Each structure stands twice: as C-alpha cells, then as structure tokens.
Amino acid sequence: MRKWTTSSKLAGCCMLVAKMVSGAEQQQGHRAGVYKQKNKGHKHGKHRTKGEIERENKGRVSVTALTKKQRKEARKMDKRHKANQLRRNKKDLVLTEKRRLGSRDGPPHLVAVVALHAGVDAEAVTRLLRCEGAGGLVREENSVCGVSDSFGLVMPRFKQRFTFLRPDTADMHSLLDVVKVADSLVFVLDSTEGWDSYGDHCLSCLFSQGLPAHALVCQGVSDLAVKKRVDSRRALAKISEIRFPGARLFPLDSDQDATLMLRHLGAQRQRRLGFRSRRPHLLAQQVSYTPNSSEGSGGAPTGLGTLCVSGYVRGCPLQVDRLVHISGFGDFLLSQIDAPIDPLPLNSMTPRPAKPGKEGDVDMQDGGVEAASVRVLMKADPARRESLQAEAEVDPMDGEQTWPTDTELLEAEEARKSKRVMKVPKGTSDYQATWIVDEEDENGEEDEESTDDEEDEDLMMEESIDGEDLDSQVDAASVGGSEEEEELNSTSDKGGADQRYDEHMDEAEEGEGLKRYREARANEMFPDEVDTPLDQSAKNRFQRYRGLKSFRSSPWDPLENLPADYSRIFQFQSFERTRRRVLAEAAQEEEGAMVGWYVTLHVVDVPPTVMESVQAGRPLVLVSLLPHEQKMSVMHMLVRRHPSNTDPIKSKEELVFHCGFRRFRACPIFSQHTSADKHKLERFLRADAPTVVSVYAPITFPTAGVLLFKQREDGMQDLVGTGSLLSCDPQRVVLKRIVLSGHPFKINRRSAVCRYMFFNRDDILWFKPVELRTKWGRRGHIKEALGTHGHMKCVFDSQMRSQDTVMMNLYKRVYPRWTYDPYVPLPLPWVKGEGTQVPDDFDME
C-alpha cells in the first residue's frame with residue numbers, strides 16, 4: 001500500500017486546483033432549444049372541452065383574428081385629406097341647395113312679412129319690396145290662394161324669383177302654417193320699441209316651432225336727423241340682440257334699401273328644418289273644388305268632393321301613392337298629379353325645350369305653346385296606394401274560449417251560492433234576481449272601473465279645502481259689518497270703477513282657478529300624499545295599487561293589464577330602427593314630382609269646409625306623409641313649461657297640440673324624464689324641469705317642434721309649453737304614486753306603534769308585505785296589528801324619532817285618455833289684459 005507524504009499531498013492538491021481552473025475556462029452554459037418539452041397544465045375541473053367550445057361558437061369564426069393583418073393604419077396626411085374631402089362635399093351640397101332656391105330649376109323663394117308691433121305698417125314694406133325701381137317684374141298678383149296681400153316677383157338682375165305674402169298675425173294658426181313652409185321671414189320692427197307684447201308672444205311660438213332664415217327691418221330711420229340715426233339704430237340693435245343675437249338690422253325707406261334687402265334675402269344662409277325638409281310640402285297657389293255626385297242617387301251630392309291644389313313642390317320629391325295631410329283638416333288620398341303652366345317663369349321670352357330623360361319626366365319651366373295643355377304626370381295605383389286606416393282592427397272575440405271547463409262551472413256555482421242575499425220583490429226567481437243591480441254593487445263597480453286621478457286628489461284635498469272655505473266664511477262674517485260701512489262711505493266714482501271692473505270677471509272661472517291653485521300648492525308641499533278614507537276599506541279603495549321594493553330595480557311587466565284602447569293602436573318592434581330606415585328611404589327618393597315643379601294635386605273625398613277656409617282668406621298648406629304617419633299610437637313629447645304661463649296645468653286636462661304639420665286636441669298625462677324603465681307620474685306640469693307629455697296621437701317621426709296651448713272658455717288660447725318630439729313607445733311605463741302617512745305615538749328604540757295610516761285590522765294585514773319609510777330616511781316593515789282600530793307595531797332599521805312621519809308608497813300604472821280630436825277651433829285674437837275687449841267683427845268660423 002502506497003503511503004502519501006506531505007510533499008506528495010501538496011503536489012496533488014496543486015494539480016487538482018489547476019485542472020479545475022482549466023475546466024472552468026472551457027465549460028459553457030446550457031441553453032434550452034426550440035423543441036423544449038411543455039407539460040400539460042393541471043386539470044382543475046374549470047376548463048372547457050373542444051366540444052363545448054364548438055357548441056358555444058356554433059360555427060362562428062373570430063373576425064378580429066381574420067382582419068387583424070388586413071387592417072391598415074391611416075397616415076396623418078390621409079386622415080387630413082379625408083376630412084377635407086368630406087368638408088368639401090358637404091359645402092358643395094349646401095351651395096347647390098342654396099343656389100337652386102329661387103332659380104330657374106327650383107321653387108320661388110317664399111318670403112313672409114311678419115309685423116311684430118301694432119304701430120308698424122307691414123303693407124308699406126310689401127309695396128317697397130316690389131322693387132319696381134330696381135327692375136323687378138311683378139308677374140302675378142295674389143299668387144298665394146287665401147292671402148290677399150301676396151304677389152310673385154321676378155328679378156332678372158339677380159336671376160331669382162320670389163313669392164311674397166303677408167299673413168294675418170291676429171290668426172295664430174295661419175301665421176304658424178305659413179312659417180312652416182316659408183324659406184325666409186322679414187320681421188318688421190318698431191324704430192323705438194322693437195316689438196310689443198303680442199309680438200313677443202308670436203316670437204315665442206315661432207322659435208319653439210322652428211324658425212327659418214330671417215331678416216330684421218325697421219322703418220322711419222330716414223325721417224330722423226342725421227345725428228340721431230346712428231343712435232336710433234344702435235338702440236334698436238341692442239333691443240333686438242335679446243331675441244336675435246348677431247342678426248343684421250336693415251332700414252327700409254327707399255327703393256335702394258329694398259334692392260339691398262332682396263339681395264340679402266337671396267344670398268343669406270338658409271336654415272334647414274328637419275320636420276319639413278324630409279317631407280314633400282307645398283303652399284297652395286290656386287285651389288278649386290268639385291263636389292262628388294252619387295250615381296245611384298240620381299247625381300245628388302254626397303257632401304265630399306275633389307280638391308285641386310296647385311303649387312310648387314318643396315322639401316323632397318312627392319309621390320302620388322302617399323297620403324297627404326292638409327293642416328287643420330286631416331289626412332286624404334291623391335288620385336293624380338298634373339303639370340300645368342308655371343305662372344312665374346324666370347324668362348318667358350325664351351322657352352326651354354323639354355329634356356330627354358326618364359319616363360314621366362317633363363320640363364316644368366316651359367312657357368311656350370308646347371305647355372298650353374295640362375299634362376298628367378302620374379296617377380295613383382290602387383295596389384300601391386297607402387291606406388287611410390288609422391286604428392287597428394279590434395276582434396272582440398280574440399282570446400275568448402268556446403266553452404267553460406268543469407272547474408270554471410263549479411267555481412261559478414260556488415261564487416253564486418256564497419253571494420250575499422239581496423232583497424227582491426216577492427215572486428222573483430233566482431234567474432231574475434241575478435239581473436237586479438243593487439245600488440251598493442253599482443257604486444262599487446264604478447269605483448273599480450274609475451281610473452281618473454281626480455278621485456285621489458279629491459280625497460287628498462277634501463279636508464284642506466273644507467278647512468280653508470270654513471275659515472274664509474268666518475272671516476267674511478266677521479268683517480261683513482266693516483265692509484258695509486266702507487261701502488256707505490265710499491264715493492260714487494270708486495263704486496262705479498269697481499262695478500266696471502267686476503263686469504269683466506268670471507266668477508266660475510275664478511273659483512276653478514282657486515281650486516286648481518290650492519291643489520297645486522298642496523301637491524308641492526305634500527307630494528302624492530293621500531288620506532285613507534274612513535268610510536271605505538283601504539284594500540278596496542287602493543286595490544289597483546301595489547308596493548315596490550325599489551322603484552329603480554323592481555320589475556314591472558309593460559304588457560300586464562293593458563287597457564282596451566291599446567288594441568286600437570300600432571306598435572313598432574324598434575321605433576328608432578324604423579325611423580332611420582324610413583328617413584333614409586325618403587332622402588334617397590328619386591321618383592315622383594321633383595322639387596321645384598309646379599304641379600296640381602287632385603285630393604279626393606275632401607269636405608267642403610276646406611274650400612270655405614280658403615275663401616275666408618286663410619292659407620292652405622299641404623304635406624305628404626311618410627309611411628306609417630297616419631296610424632295611431634302613444635306619442636311622447638319632451639316639453640318645458642313656458643315662462644309666461646303662471647296657471648297650474650293639471651294632468652289629463654285638455655290641451656291644443658301643434659306637432660309638426662299637425663294640430664289636434666287631447667288630454668295628455670305628464671311624467672318625469674329619466675333613463676329608467678319606469679317613470680313617475682307628475683300631477684302638474686312642472687316649471688323647473690322638462691316633462692314628458694304622453695298622448696294618443698298619429699305617429700310622427702322626430703324631429704319636430706311641439707307647442708302646447710290651453711284654450712280658455714272665451715275662446716282665447718294661451719301658450720303653456722314648448723318642446724319637441726321624443727319617441728313613440730306604448731310600452732313606456734308611467735306609474736302613479738300615492739303616499740299613505742301615519743303617526744308614531746309609542747316609540748321603543750327601533751320599534752314603534754303607528755296609527756292614522758289604517759283604520760281597521762284587515763287593511764293592516766293586507767298591506768303588511770309593503771315596505772315602510774319615514775321622512776327622515778328610516779326603513780322598516782309592519783310586524784303585527786294591534787287591536788281592531790288601525791294601530792300597528794312597526795320595526796325600523798335604526799332609532800325612531802317622535803318628530804318623524806311613517807309613510808307607505810303605493811304605485812299603479814296609468815294611461816292617457818283616448819280624447820284625440822283633429823279639429824281645433826280657431827282662437828280669438830290674443831290680448832294681454834283681462835279687461836281688453838275682443839273685436840266684434842272677428843269671424844269664428
């Protein structure tokens with residue numbers, strides 16, 4: 001065995017260290033390759049198999065995975081070029097539409113002259129605008145049928161043609177109808193005051209309906225001294241800045257001023273109004289009426305006739321198969337469209353030959369011999385013509401069973417036996433007794449069927465009104481002697497003034513206004529609070545109401561217990577999608593009578609009252625309806641209360657609506673404007689927030705302005721609200737809330753004994769599941785009934801205070817009334833003062 005020495009051990013260690021150093025210099029680190037093994041993850045039970053993934057996808061392929069590589073990011077310069085191109089196309093479209101108005105290929109520029117002050121002379125303005133000194137040619141006097149002060153003007157210098165008319169501002173319906181179709185308005189202002197109270201009333205209506213392009217005109221500036229002209233115009237411009245910010249004021253005292261005014265009207269920027277630009281419409285230039293004759297009755301008149309209306313097509317192309325609406329008279333059918341001679345050609349000396357084009361395309365500007373005969377453009381096709389049906393057909397047997405089942409027969413027999421005994425005459429059989437109606441049953445049925453809001457409000461206001469009336473009677477009795485003494489000591493002049501003042505006061509209207517004011521004040525102080533009746537069970541009185549855990553999140557089926565009127569209306573699966581489709585199709589329409597053509601429409605089955613209205617001097621406006629716009633549905637409008645109205649407007653009160661081209665009367669309901677699926681009913685039209693007005697009315701596609709008027713008993717109409725169309729949605733849930741209140745009189749921390757909410761034990765047990773709340777934010781529930789007089793033990797979520805009030809919220813769904821009336825009576829001339837006399841020569845036809 002070899003023995004190691006110290007020297008040999010030291011030499012071996014040195015050699016080992018040297019080998020280790022040399023090996024460290026040659027060895028390299030390990031790097032994993034691309035074929036490294038990857039083990040499966042742990043099967044934790046939450047993964048999906050390939051089959052489950054395929055069944056969920058149902059053959060669908062991810063689009064992002066396919067188009068990710070194909071999508072190309074646009075460069076900054078490309079984005080800029082695209083934006084410039086869109087801007088240029090839009091600008092060219094606006095310029096083309098602007099240049100076409102009043103030109104050879106477009107309709108004449110329709111200008112309405114409106115006087116905003118009683119002291120101005122609008123007739124003098126129309127005489128100056130004839131512009132005979134500047135080369136204007138008046139081609140046709142009284143060019144607008146029904147308006148005496150109207151004429152057609154051709155300006156060869158500007159290559160434009162105008163139609164001027166001066167509507168009667170005292171007739172608000174005529175003024176609103178003319179402004180709906182006018183291209184420009186000329187407001188005549190007073191040189192010192194600008195406009196009076198009635199002018200401000202007209203401006204409120206016009207701004208809410210939709211104001212087209214306008215110009216401001218004043219007279220009498222040239223009569224002032226040179227040093228005072230600048231100050232006068234500056235003061236008037238400051239006044240007009242309130243209503244017309246940035247508008248230019250034109251003096252109109254000479255032919256030169258009139259020429260500048262006409263140049264401004266033809267070159268100013270036009271305002272696009274959506275409700276008229278999307279529908280074909282025209283203002284009647286000529287109207288004739290032919291009564292129908294019945295062949296079977298020996299040619300006797302039937303009461304209806306054919307109305308031939310001639311005018312220029314505006315807005316978009318007009319089709320003969322579409323329905324037309326005459327403002328104020330309803331919807332009608334067209335039989336044919338003719339092409340008469342244009343009464344206002346731009347240059348009659350050089351007739352233009354007809355252009356070759358599509359079949360039925362004719363040149364509407366011909367003034368030569370070729371256009372001497374009236375040509376028929378198109379006739380209605382009975383297969384494609386739209387129907388006048390406004391309401392859905394109701395099947396009274398829909399959903400009825402052919403024969404009752406055995407179970408229903410047994411239940412009916414048990415109900416008949418359990419029915420209480422009635423006193424009937426001697427000898428009356430059981431069958432005859434079933435037809436005898438007891439007075440109590442009849443009253444009960446009326447209470448169950450009644451859904452008017454006046455019942456609850458009468459109960460709420462009974463005690464307060466009675467108390468105030470009693471106080472007023474006591475006060476009157478106490479001061480009766482002093483009033484008699486004052487009357488004896490008063491002078492005869494003061495007594496005569498008081499008597500004249502009382503002659504113009506309507507006591508019935510004053511009492512009704514006082515009652516409505518007290519109801520509105522009580523509703524503002526104690527919103528929705530109702531007193532539980534003492535002579536009737538609460539579960540019977542409020543059987544249509546239910547409690548909600550949360551007004552926001554609790555479900556409410558919109559198809560539950562719908563009224564019978566819902567079977568008469570139409571409903572869209574998606575109103576917004578239908579609106580977009582209908583408006584897109586109307587914008588791309590290229591068939592029919594084109595814009596700018598002078599045509600004659602044959603409207604069939606028209607009552608003679610339309611012709612009587614034209615003969616009375618009122619303008620006739622005709623508009624072609626879009627598809628579905630003759631059908632009835634539930635329309636919602638977003639309205640704000642007008643500041644000039646101070647009287648409370650109650651829900652389900654009759655109002656006059658001006659909605660787009662339509663006007664009608666109806667009794668709407670008011671509700672809050674929120675984004676939730678349920679909306680709270682408003683008993684009065686609020687003055688501090690926008691309110692949604694719901695009513696049964698013909699469908700109208702937004703956008704369109706809405707005006708609400710309230711008609712007084714004397715015939716005058718006051719503007720009470722303005723707004724716009726919101727939507728058409730019969731499934732919009734409007735809930736009426738009532739609040740039952742109680743008083744806690746025994747409190748033990750979180751529990752309290754409450755009274756005055758109910759007055760019998762059955763009512764407490766019936767409403768026990770409904771949640772309670774207090775005015776100080778506590779929430780609780782009814783634990784048990786105590787005794788038989790309406791006391792109950794309640795438990796709340798925290799300490800109860802003696803000053804607090806216990807409340808219970810109950811809800812029921814409400815619907816508007818079917819009170820739609822398309823015929824609105826003409827209003828009396830508007831007066832501001834109560835004692836102002838109405839002119840005796842005003843026609844109320």
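What follows is a tour of selections, with a short note on what is there at each.

**Before you start**

This is a predicted model, so local features are taken only where pLDDT is at least 70 and side-chain atom pairs only at pLDDT 80 or more, while totals for chains, interfaces and linings use all residues. Residues are numbered from 1 along each chain as its sequence is written, and side-chain values use heavy atoms, with hydrogens and water left out.

**Stop 1: colour by confidence**

Colour the chain by pLDDT, the predictor's confidence in each residue, from 0 to 100. The mean for the protein chain is 78, and 75% of its residues reach 70 or more. Helices (H or I, at least four residues) and strands (E, at least two) are DSSP runs, numbered from the N terminus. Among the elements of the protein chain, strand E21 has the highest mean pLDDT (95) and helix H13 (residues 439-449) the lowest (43).

Now select residues 16-24, where pLDDT stays under 50 and the model has zero contacts beyond four places in sequence; a contact means heavy atoms within 4.5 Å. Residues 349-372 also stay under 50, with 33 contacts beyond four places in sequence. Where pLDDT is low, the predicted coordinates should not be read in detail.

**Stop 2**

Select residues 330-339, which make up strand E12. Is this strand largely enclosed or open? Eight of its ten residues are buried, so the rest of the structure largely encloses E12. Buried means under 20% relative accessible area, exposed means over 50%, and partly exposed is in between (1.4 Å probe, protein chains only).

- Strand E11 (residues 324-326) runs antiparallel to E12, joined by three bridges. Val324 has Phe332 in E12 as its bridge partner. Three residues lie between E11 and E12 in this hairpin, and Gly328 in the turn has a positive phi of about 95°.
- Strand E14 (residues 598-606) pairs with E12 in the antiparallel sense over five bridges. Here Asp338 has Thr600 as its bridge partner.
- Strand E13 (residues 375-379) pairs with E12 in the antiparallel sense over four bridges. In E13, the bridge partner of Asp338 is Val376.

While the strands are on screen, look at their side chains: in a regular strand they alternate between the two faces of the sheet.

**Stop 3**

Next, select residues 172-181, helix H6, where ten of ten residues are buried. Among them are Met172, His173, Asp177 and Lys180.

The largest nonpolar core has 69 residues. A nonpolar core is a set of buried Ala, Val, Leu, Ile, Met, Phe, Trp, Tyr and Cys residues joined through side-chain atoms within 4.5 Å. H6 gives the most to this core, with six residues. The residues with the most contacts inside the core are Leu165, Phe187, Met637, Phe657 and Leu708.

Keep Phe187 selected and show what surrounds this residue. Beyond its neighbours within four places in sequence, Phe187 is in contact with residues including Val114, Leu203, His214 and Phe244.

A second, separate core of 30 residues includes Ile326, Ala339, Leu601 and Met611.

**Stop 4: aromatic rings**

The whole structure holds 18 aromatic pairs. Rings of Phe, Tyr and Trp (its six-membered ring) pair if their centres lie within 6.5 Å; planes under 30 degrees apart count as stacked, over 60 as edge-to-face and the rest as tilted.

Phe187 and Phe244 form a tilted pair, 5.5 Å centre to centre with 40° between the planes. Phe187 lies in strand E5 (residues 184-189) and Phe244 in the loop between helix H8 (226-240) and strand E7 (249-251), 57 residues apart. Phe187 is buried at 0% relative accessible area, and Phe244 is buried at 2%.

Now jump to Tyr566 and Tyr696, whose ring centres are 6.4 Å apart with planes at 85°, so this pair is edge-to-face. Both tyrosines are buried.

**Last stop: a charge over a ring**

Finish with Arg755, whose charged end sits over the ring of Phe745, 4.3 Å from its centre. The cut-offs are NZ of Lys or CZ of Arg within 6 Å of the ring centre and within 35 degrees of the ring normal. Lys631 lies over the face of Phe570, at 5.0 Å from the ring centre.

Definitions and conventions: Two strands pair if DSSP finds at least two bridges between them.
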